[in-house]
Amino acid sequence: MISKAYKTELDPNNVQRTLLAKHAGVARFAWNWGLARSIEEYKLTGKSSNAVEQHKQLNALKPTEFPWMYEGSKLLKADRFFPSTKTCSACGVIKEMPLSERTYRCDGCGLIIDRDLNAARNLLSNVKTNQSRGTEVRKS
Ligand SMILES: [Zn+2]
């Protein structure tokens, strides 16, 4: 039974909105590419490759055939010591959070929020404020 529910919304800025749209476009292309490949293979052999095989094939083609796909698969990485779980997403107070504690209760402002939702909000605002300092890595 769900005793508490949270409603949250993303509020992406223009840069983030563009990245989200690019990501969706790349995901759509990958899906359609895999589907076309499956149909083609099925017509020729009566069988089609599975998702893992197709993923490998697409990744092999990416650098030469579809380099633009990297544009849609950028990952912003937070510093590994960024205290996303320990920080109050409303007021910024930092406190210890044992893993067993699933709800964040802020001593500073009284916020009571799901542990993971609090961490997600902190990571989102970390991306918003530190976008230029964030480490950009390519997914393979
Ligand atoms: Zn707080």
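Of the 140 residues in the chain, buried residues make up 5%, where a residue is called buried if 20 or more other C-beta atoms lie within 10 Å of its own, exposed if 12 or fewer do, and partly exposed in between, with C-beta atoms placed from the backbone. The model is a predicted one, in which local features need pLDDT of at least 70 and side-chain atom pairs count only at pLDDT 80 or more, while totals for chains, interfaces and linings use all residues. Residues are numbered from 1 along each chain as its sequence is written.

The chain has 3 helices and 4 strands, these being DSSP runs numbered from the N terminus (helices: H or I, at least four residues; strands: E, at least two). Read from the N terminus on, the elements follow the order α-α-β-β-β-α-β.

The helix α1 holds 32 residues, which at 1.5 Å a residue should span 46 Å, and its end C-alpha atoms are 46 Å apart, in agreement with that value; the expected span is 1.5 Å times one less than the number of residues. The number of buried residues in α1 is 0, so this helix lies largely in the open.

Just after α1, G46 takes a positive phi of about 85°. K47 lies in the loop between α1 (14-45) and α2 (51-61), and K47 counts as exposed because it has 9 C-beta neighbours inside 10 Å. When residues up to four places away in sequence are not counted, K47 touches E41 and Y42, a contact being defined by C-beta atoms, placed from the backbone, that lie within 7 Å.

Terms used
Contact = placed C-beta atoms within 7 Å.
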